[in-house]
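Take a look at the structure, try each task yourself, and then follow the solution step by step.

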Amino acid sequence: VRKKAMEDFLSARKAIYYKKWQEALDTLDKVQEDNTAPDMLDEILYWKAYSLFKLSRDIKAEDLRLEKLKRALEYLDRLSKTFSTGEWVDDGQLLELEIWHRMNELGEKKYLDRIRELAEGEKEDISLKLAALDVLARLEPKTALPILKPVLFDHPDPEMRKKALLVLSRCPTLETIEILQQIYDDDKDPGVRARAAMMLRK
């Protein structure tokens, strides 16, 4: 029985690879309903949400797109409530941000507030905070920039400062050039300075 569940799950992953979103969903539903692989529930919930997110892009009717996205959020909500930590929980949080972005584009403005809250949060994991800032920078670059600056200038990890520079590239303002020049002049890490220099040349 376990072997059959694994075979079905691999078939679903193959369908995802070939962008056959509905086929993937149907197969994942079967694996979940059979309950023969409960240890894979976190992964199943993530891939169901991911497939719904991708499927929504192929639907023209906005009400149907919203329905798919809301179902995807329901799966991610179950994922986060059932499993407190783990790779799929982390990936689910990033996917949730992208879904909030799409929902906002479809007129569900309350999701922009959630993106702002996550970007502004002090207790958030820095990678998740930067992901939220990346989405916010696409929607409201002037809002994202002042939240981003402390990460650019003060975060102790140079890899995080490099990632913050990628987010900064989504904020095309005169202040952005000034910030890049300051980082190029003052950052202690040569890799960060090199990234800033490359961005200044563009």
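**Exercise 1: The fold**

Work out how many helices and strands the protein chain has.

Solution. Start with the count: there are 11 helices and 0 strands in the protein chain. Both are DSSP runs numbered from the N terminus, with at least four residues (H or I) for a helix and at least two (E) for a strand. Next, read along the sequence: the pattern is α-α-α-α-α-α-α-α-α-α-α.

A note on the source: this is a predicted model, where local features need pLDDT of at least 70, side-chain atom pairs count only at pLDDT 80 or more, and totals for chains, interfaces and linings use all residues. Residues are numbered from 1 along each chain as its sequence is written, and side-chain values use heavy atoms, leaving out hydrogens and water.

**Exercise 2: Extent and burial**

Find the span of the C-alpha trace and the share of buried residues.

Solution. First, the C-alpha trace of the protein chain spans about 60 × 35 × 30 Å along its principal axes. Then turn to burial: 46% of the 202 residues count as buried, meaning under 20% relative accessible area, with exposed over 50% and partly exposed in between (1.4 Å probe, protein chains only).

**Exercise 3: Glutamate 124**

Locate glutamate 124 and decide whether it is buried, partly exposed or exposed.

Solution. Begin with its place: glutamate 124 sits in the loop between α6 (110-120) and α7 (126-139). Now apply the cut-offs: glutamate 124 counts as partly exposed because its relative accessibility is 32%.
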